[in-house]
Every structure is written in C-alpha cells, then in structure tokens.
Amino acid sequence: MAKRPASPNGHGDMPLDRGGKTEALEEAPLLDERLFFPQPAKPAAQTAKSASVAQSTPTNGEAHYHGHRERLRNRYRDGGDAALADYEILELLLFRLIPRRDTKPIAKALLARFGTLGGVFGAPVGLLTEISGVGDAVALDLKLVASVAQRMLKSELTGKPVLSSWKALIDYCHAAMAHEAREQFRLLFLDKRNALIADEVQGFGTIDHTPVYPREVVKRALELSASAVILVHNHPSGDPTPSRADIDMTKTIIDTAKPLGITVHDHVIIGKNGHVSFRALRLI
C-alpha cells in the first residue's frame, strides 16, 4: 500500500500543533496496485469478437436487424411485392410473428426445406416446427395465413358459374390441395347454373391412394339438390398424370350419377407442378 508522506523533520513523526495535539495530515490518494504489474494481453479472437459485437449493436441498444426491418418495409411500401424476393416476403411476415429475432435465416431455412412459398404455407404444422426458430404458435400463424388465402380464392367462385371461372377454380384447388402430404378427394357440387353450392372433402387416403365410394358421391349430390359435380383429387408425388385406377373410378361415378340426372363435368388432378383435366384429355 502507498505510504503516508514523511514529516518535514524527516523522522516520520507527526508534528504538534500549538495546543500540543497531533495535527492530522491529509492522506494522499491510494493507487491501484494492479497498475504496478503487467496485464496479460487478451487473445486476438476475443478482441475481434468484442469488436464485432460493438459494431453490430447500435449505441442506443437497438438490435442490428431493426434497421433492416424498416428498410424492407419501405421497399415493400414503395415497390409492392415485385420489389422483394420470396424469402423477403416471408421474412416480412415473420417480423410480426417473431418480433425479437432476426428472421432472415428462418425465412431462408423454410424455403430451403419446402421449396416455394406455397410449399411453406402448405406444409403441416409438425414439419414446420422442425425448422429452428419456428414454434407451435408461429407454425399455426403460417397455416392461418394459408387458410385466409384459400378462403379468398374460394370467395371468387361462390355464386358464380364455375365453368366460366375455370382459372379461379384451378387456383383455389391448387392452393387447397397441391401441397397436401396425403391424397384427398374433393367434390364441388353445382346447381343448374353451374354455380358452386358446396365444396367438400369426401375422404383422405395415403400418399398414392384415396378410397372413393360412387354411391356416397351421388347420395350427397342428391341431398344438396346438385345438378352437376366436379371431382378433384391431388397427387402428393407432384405428377398429376392420371392412373388407370383414377380413370376407372371416374367412369364408375359417371355411370352411377347419369341415370339420376347428375352430370360429372370434369375430374381434375392437382399436382405441385400443374394439373390435369380429364375433359381436356378426352377421358370424359
């Protein structure tokens, strides 16, 4: 420790005041003893890491990605969706679902896993949550967005002649079925004006087969007073080419429905990369 300064007489004794009492000397400030010893240098890696953290964290404490979020919002506001890549559109959505985390890596990981935006929104919750950063709540919110999109597309068909809104029909079916992991058999029931009465999924199957019961198809059409029906099912493999079983099943439904005045307008197979119409192929 630092010593007290010596007295003027050189003996270190405390001087006496006129009254014979000791006069306290003002103590000198104590020095940090560590200053007398050399300090070990920090490893270069640790120094570089500290510098990197200092650069990535703004002085106001705001996370580095906050400025990026604002720039991305401005680009979308000024240029619309055409100004953004698919991963940026997804990232922009994830801003609200994951407010305190950099969402760019999550958006890119989702697209890398599922291929397209349609693949992301069509993926089941269980697969979505396998992506780091995507929990149950975020996965359900993504599925909610998909449901909103499907309802929007379906609203374009309701009350309108379906056969004159064919592109809208295909867009809706593609959004609803193209990315399903299992086959599903959907029935679109139409009235005399070919307007949509009901859209129902009759059954689910495996990755390459769905059991279809012609009598149940016709029974449901009669219950709804439908004059016509369009059959739709998906191929999870992505290839919409009809199989022999698809062709035979369609013929059976047509033969069962015709005597009761119910017309099968078409059978559409939906794949990830397109669709096939039996009528266009002259299979009906």
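Tutor: A pocket here is an open set of grid points with protein on both sides within 12 Å along at least five of seven lines, and its lining residues have an atom within 4 Å of a point. The model is predicted.

Student: Which residues lie nearest the centre of the largest pocket?

Tutor: The largest pocket has a volume of about 550 Å³. Its lining is made up of 27 residues. Those nearest the centre are F121, A146, A149, Q150 and A175.

Student: Which element gives the largest share of that pocket's lining?

Tutor: At least two lining residues each come from α5 (117-122), α7 (136-155), α8 (166-177), β1 (184-190) and β2 (196-204). The largest share is nine residues, and the element that supplies them is α7.

Student: How many residues of the lining of the largest pocket are nonpolar?

Tutor: Sorted by class, the lining of the largest pocket includes five charged residues and eight polar ones. The nonpolar residues in this lining number 14.

Student: Are α7 and α8 roughly parallel or roughly antiparallel to each other?

Tutor: The axes of α7 and α8 come within 9 Å and cross at roughly 160 degrees. Angles over 145 degrees count as roughly antiparallel. The two helices, α7 and α8, are therefore roughly antiparallel.

Student: Which residues of α8 does α7 meet?

Tutor: The crossing of these two helices, α7 and α8, is left-handed. On the α7 side, the contact involves Q150, L153 and K154. By class, the contact of α7 with α8 has four nonpolar, one polar and two charged residues.

Student: How are α9 and α10 oriented to each other?

Tutor: Helix α9 spans residues 214-223 and helix α10 spans residues 244-257. Their axes come within 9 Å and cross at roughly 45 degrees. An angle under 35 degrees would count as roughly parallel, and 65 to 115 as roughly perpendicular. The orientation of α9 and α10 is therefore oblique.

Student: How many charged residues are in the contact of α9 with α10?

Tutor: The crossing of α9 and α10 is right-handed. P214, V217 and V218 of α9 meet T252, I253, T256 and A257 of α10. By class, this contact has five nonpolar and two polar residues, and the count of charged residues is none.

Student: Is the crossing of α3 and α7 left-handed or right-handed?

Tutor: Helix α3 (residues 86-97) packs with α7 at an angle of about 125 degrees, the axes being 11 Å apart. The two helices, α3 and α7, are therefore oblique to each other. Their crossing is right-handed.

Student: How many nonpolar residues does the contact of α3 with α7 have?

Tutor: From α3, the contact uses L90, L93, L94 and L97, and from α7 it uses V138, D141, L142 and V145. By class, the contact of α3 with α7 has one charged residue and no polar ones, and the nonpolar count is seven.

How values were computed: Residues numbered from 1 in each chain as written. Predicted model: local features only at pLDDT ≥ 70, side-chain atom pairs only at ≥ 80, totals over all residues. Heavy atoms only, no water. 1 Å grid on protein atoms, 1.4 Å probe; cavity = no way out; pocket = protein on both sides within 12 Å on 5 of 7 lines; lining within 4 Å. Points joined across faces, edges and corners; volume = space filled by probe spheres on them. Helix = DSSP H or I, 4+ residues; strand = E, 2+ residues; numbered from the N terminus. Nonpolar A, V, L, I, M, F, W, Y, C, P; charged D, E, K, R; others polar. Axes fitted to C-alpha atoms, helices over the stretch in contact; angles between N-to-C directions. Left-handed = near helix turned anticlockwise from the far one by under 90°. Contact = heavy atoms within 4.5 Å.
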